[in-house]
Amino acid sequence: MAAVTGPALSAYRLTEEQVLLRDTIRQLADERIAPRAAEIDHSAEFPHDIKALLADHEVLALPFPEVHGGVGADLLTVCVAIEQIARACVTSSLILAVQALGSDPLLRKGTPEQQARWIPDLAAGRKLIAFGLTEPEAGSDVAAIRTRAVREGEDYVLNGTKRFITHGSVAGLITVFAVTSPEASRRRRLSCFIAEVPTPGFAVTKLEHKMGIRGSPTAELAFDGVRVPAANRIGEEGDGFDLAMATFEHSRPGIAAQAVGLAQGALEFATAYARERRQFGQRIGDFQMVSALLADMDAQVEAARALTYHACAEIAAGSAAAARWASLCKLVAGDAAMRVTTDAVQVLGGYGYIDEFPVERMMRDAKITQLYEGTQQIQRLVIARALLGRGG
Ligand SMILES: Cc1cc2nc3c(=O)[nH]c(=O)nc-3n(C[C@H](O)[C@H](O)[C@H](O)COP(=O)(O)OP(=O)(O)OC[C@H]3O[C@@H](n4cnc5c(N)ncnc54)[C@H](O)[C@@H]3O)c2cc1C
């Protein structure tokens, strides 16, 4: 018990380099991304220009090792970058977040040859990579995946359908999880592959129409006899489930950071509005009920940020409770983002509800942080399991 919930192993404090990076990305986001955010939401089109901007400024290179053209940033630094982009536009922050998510198995378990083959393109932003785990029948229950990978000579042949795959329609690489041993235990049924697309048998069969993050394409993908070389398997046969779970230890803090940035953006906008808008002859911010709302929003943002940064430090330090830290920060930050953005709409009154102002978009965008990379219920399961152990 003490090992799981006892005193933290490490403290975090942003280094000078991280502060510089944070401020640089914040400025880039204010000047170049924020002005595009409403248009990206309205058009629901993937912002290729923002992808190019992030690539040009080496933001997409952050998660990758220097030897392959990356920056070699640690988890906290990547999360600080995601936070600053999300403060302006959540859709745009997903470009970095999903680049890190999709490549996590490759970075963890890829051979030197595999890494040398794919990472330079990913670090330079020449290619995007998607993370293909979810299926129509396998959402929260990852082990229920049905997509099959059958070995045929030097290839595996993949058949199945993936659902809700972010960037599935714009990525050149898809990290796909498929069943290689149907009779094995839940933990050993899956393997992980990198599919290079387009390729015969692969098709994007649907793009979802969504409540929020509307410029981020969410694709249904069909694999109909897709041949993937055995050399594209990441790790050993049967490693897929553990690889997916380990990936979440890095990617959930990224979603928490996205939620923190989003909430920060909503707080800043609502605060500025409360200074300007006058009713009954005074600033609305001077009504106690409005000022208390803003104070609570500030407290929630700071608490979520502190936990997220702390979780990053714990995970990077090799905490044995990494899964718990990842779930704790995603749970707290996702809920904070939903509440803070909803309250930001309240501060603006009727003006919060119309698209002349960004807070209605922020509120719609916030909801996804409670759903993807494991719903808030699944985060609670992970945390409770760390506290209680598995039931007998
Ligand atoms: C916009 C978007 C982008 C996404 N991007 C990706 C991506 O890039 N790659 C990818 O692989 N997936 C992606 N997903 C999938 C996402 O991770 C899943 O939607 C999510 O894990 C939930 O699965 P589900 O939708 O099937 O819901 P279900 O698993 O059907 O859950 C329905 C409800 O039941 C609850 N529930 C389920 N199991 C339990 C349980 N054991 N205990 C308590 N409650 C439970 C859930 O919390 C939820 O409230 C994306 C989804 C969306 C909407």
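This is a predicted model: local features need pLDDT of at least 70, side-chain atom pairs count only at pLDDT 80 or more; totals for chains, interfaces and linings use all residues.

Reader: Happy to! What makes Ala-336 buried?

Author: Ala-336 has a relative accessible area of 7%. Buried means under 20%, so Ala-336 is called buried. This residue is found in helix 9, residues 322-348. Leaving aside neighbours within four places in sequence, Ala-336 is in contact with Gln-300 and Ala-304. Its C-alpha atom is also 9.7 Å from that of Glu-302, a residue 34 places away along the chain.

Reader: And why is Met-245 called partly exposed?

Author: The relative accessible area of Met-245 is 29%. Partly exposed covers what lies between the 20% limit for buried and the 50% limit for exposed, so Met-245 is partly exposed. You can find Met-245 in helix 7, residues 240-276.

Reader: What makes the pair Glu-135 and Thr-147 a polar contact?

Author: Their side chains are joined at 2.6 Å. A polar contact has N or O atoms within 3.5 Å, so this pair passes the distance cut-off. Glu-135 lies in the loop between strand 1 (129-132) and strand 2 (148-152), and with a relative accessible area of 5% it is buried. Not counting residues up to four places away in sequence, Glu-135 touches several others, including Ile-145, Arg-146 and Phe-177.

Reader: What is said about phi of His-167?

Author: Phi of His-167 is near 65°, a positive value in a residue other than glycine. His-167 lies in the loop between strand 3 and strand 4 (173-179) and is buried, with a relative accessible area of 1%. Glu-373 also has a positive phi, near 60°. Glu-373 sits in the loop between helix 10 (359-368) and helix 11.

Reader: Why does Glu-373 count as buried?

Author: Glu-373 has 14% relative accessibility, and the limit for buried is under 20%, so the word applies to Glu-373.

Reader: Where is the cis peptide bond?

Author: The bond from Val-197 to Pro-198 is cis, with omega near 0°. Pro-198 lies in the loop between strand 5 (190-196) and strand 6 (202-207).

Reader: Now the ligand: which residues come nearest?

Author: Of the 19 residues around the ligand, Phe-131, Thr-134, Ser-140, Phe-164 and Thr-375 come nearest. A polar side-chain atom of Thr-134 lies 2.6 Å from a ligand nitrogen atom, and a polar backbone atom of Phe-131 is 2.7 Å from a nitrogen atom of the ligand. The protein covers 64% of the 970 Å² of accessible area that the ligand has on its own.

Reader: How many residues of each class does the shell around the ligand have?

Author: There are 10 nonpolar, seven polar and two charged residues. Strand 3 (155-166) and helix 11 (376-388) each supply at least two residues of the shell.

Conventions: Residues are numbered from 1 along each chain as its sequence is written. Side-chain values use heavy atoms; hydrogens and water are left out. A residue is near a molecule or strand if one of its heavy atoms lies within 4 Å of it. A polar contact is a pair of N or O atoms within 3.5 Å; within protein, one must be able to donate a hydrogen and the other to accept it, and residues adjacent in sequence count only if both atoms are side-chain atoms. Accessible areas come from the Shrake-Rupley method with a 1.4 Å probe; for residues, only the protein chains shown count as cover. Helices (H or I, at least four residues) and strands (E, at least two) are DSSP runs, numbered from the N terminus. Ala, Val, Leu, Ile, Met, Phe, Trp, Tyr, Cys and Pro count as nonpolar, Asp, Glu, Lys and Arg as charged, and the others, Gly among them, as polar. Buried means under 20% relative accessible area, exposed over 50%, partly exposed in between (1.4 Å probe, protein chains only). Contact means heavy atoms within 4.5 Å.
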